[in-house]
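Colleague: I have not looked at this one before. Can you walk me through it?
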Amino acid sequence: MIDVKKLTKKFNKFTALDDLNLQFTDSKSIALIGPNGCGKTTLIKCILGLNVIETGDILVDGKSVKEDFRYRENIGYMPQIGRYPENMTIGQTIQMIKDTRKIPASELDTELLQDFALENLYHKKMRTLSGGTTQKVSAVLAFMFNPKIIILDEPTAGLDPLSSEILKKKIIKEKNKGKLIIITSHLLSELDEIISEVVFMNEGRIIVQQSVEDLMTEHKTEKISESIISILKEMKK
Amino acid sequence: MNKIARFILFDILKNKIVIFYTVLLFIISWSVLGLEGNYTKATLSLLNVVLLVVPLVSIIFSTIYVYNSSQFIELLLSQPVARAKVWFNIFLGLATALILAFLVGCGLPILLYSSIETGFSLIIIGIMLSVIFTSFAMLAAVLTRDRAKGIGISIFIWMFFSIIYDGILLVLMFQFADYPIEGIMATLAGLNPVGLSRIFVLLQLDISAMLGYAGAVFAQVFGSRGGMGISLVVLLLWASFPFLISLINFNKKDL
């Protein structure tokens with residue numbers, strides 16, 4: 001559960017997030033969408049504590065992100081572009097993140113690791129990996145520690161069709177377990193099967209926050225992508 | 001040592017540039033110490049190389065490494081780890097790797113071809129300069145998002161302490177030659193980590209002729225033993241201050 005309260009984020013004079021109020025409740029998978037520069041990444045970075053919050057607040061499970069870093073035990077994050085120290089292997093990288101999390105091996109979720117067959121590549125150095133394989137490592141790390149909240153930034157961008165299907169299935173499975181999943185993506189067609197709620201942002205504000213069913217009945221469409229496009233068209237008028 | 005620091009240390013030790021740096025230092029040290037029979041003279045020649053190369057490589061390499069790790073830093077910060085801890089461990093990993101490179105490249109030849117009695121001050125300042133300029137690199141990298149600007153700041157810091165600072169001192173000495181400015185000059189000379197490192201080694205080798213004006217004044221004012229103690233304290237301050245400022249900045253930074 002994430003509660004965003006009156007969050008305003010400025011970069012010098014540019015207002016990236018403008019008095020944002022928002023609630024993400026558990027067992028939902030939420031798509032954050034909007035044009036480039038609308039504040040999606042800034043919002044995610046604020047939740048993760050990568051951006052410093054000056055005005056407003058974000059509560060993750062009731063705890064303010066400004067005070068203690070330990071709330072991040074409940075969050076798994078898959079960045080859009082992952083870059084890792086070049087000379088270390090996949091195995092060493094995963095081991096290092098495991099060490100910082102300090103979670104017993106029995107509680108780890110290694111399903112994605114097996115599905116992606118990454119263990120066969122454990123000895124490969126990060127420098128030699130393709131973009132897609134690096135994305136797989138990021139995805140594995142995001143799901144591995146059984147976090148209550150999973151944040152995915154453009155998860156399927158570099159993945160081959162087979163792997164992105166594996167990832168999608170995993171996302172649906174975790175959502176059904178009652179986890180909160182936040183996805184940003186520009187590939188609207190990809191979202192159809194996964195998400196249950198849409199948050200549409202523009203210029204640092206929330207334009208629409210609706211469940212998928214409401215959105216589709218309101219715009220009389222059968223696909224999320226079509227509803228989004230009709231919202232976009234209305235905005236331009 | 002923390003897991004993050006150790007991870008970064010091993011990553012850097014396998015880095016080709018650091019391996020090249022180590023080999024380069026080794027060849028230079030080996031040839032300088034091998035060619036010159038007089039240990040003191042050889043150490044002096046080596047001193048000049050160390051004063052030039054160690055700060056330059058430490059600051060440029062560390063700056064580039066921190067910029068290249070920006071996404072990795074973001075990933076680390078999305079784990080339940082405090083910001084200060086991540087930043088400190090990167091510093092620790094970088095500094096340890098560069099110290100090891102120096103010890104293998106320079107310390108080993110000194111042990112093999114010279115004596116520890118003549119060489120120990122050189123080894124100490126090599127270690128100190130590695131840490132100090134890594135600390136400066138952390139500061140340069142946190143000041144700006146733009147990699148080119150960050151590297152520019154690093155090069156300027158290196159140039160300032162290696163070249164410009166002594167130039168300014170020289171101009172001051174000529175301008176105020178008629179006044180009793182020894183105390184001020186000694187203080188100013190003692191504030192530059194590179195100049196101070198030179199004085200530190202020369203004080204230990206006890207060759208006042210080589211000290212130069214600033215060093216001669218420094219030796220005169222502080223005396224040999226006290227001078228070395230104060231030098232070490234100032235070097236330690238230089239190693240920690242830039243890093244502490246960078247840490248304060250990093251804690252407030254939007255990544």
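Colleague: What is the bridge partner of Met201(A) in strand 10 of chain A?
Modeller: That partner is Ile206(A). This is a predicted model, where local features need pLDDT of at least 70, side-chain atom pairs count only at pLDDT 80 or more, and totals for chains, interfaces and linings use all residues. Residues are numbered from 1 along each chain as its sequence is written, with chains lettered from A and ligands numbered from 1 in the order in which they are written.
Colleague: How many bridges join strand 9 of chain A to strand 10?
Modeller: Six, and the two strands run antiparallel, with strand 10 covering residues 205-211. Strands here are DSSP runs of E with at least two residues, helices are runs of H or I with at least four, and both are numbered from the N terminus. Two strands pair if DSSP finds at least two bridges between them.
Colleague: And what sits between strand 9 and strand 10 of chain A?
Modeller: Two residues, which makes the pair a hairpin. In the turn, Glu203(A) has a positive phi of about 45°.
Colleague: Does strand 3 of chain A run parallel or antiparallel to strand 9?
Modeller: Parallel, with four bridges joining residues 29-33 to residues 197-202. Within strand 9 of chain A, Phe200(A) is the bridge partner of Ile33(A).
Colleague: Changing topic, how many helices and strands has chain A?
Modeller: Eight helices and 10 strands.
Colleague: How much of chain A is buried?
Modeller: Buried residues are 42% of the 237 in chain A, counting a residue as buried if 20 or more other C-beta atoms, placed from the backbone, lie within 10 Å of its own.

Note on methods: Buried ≥ 20, exposed ≤ 12 C-beta atoms within 10 Å, placed from the backbone.
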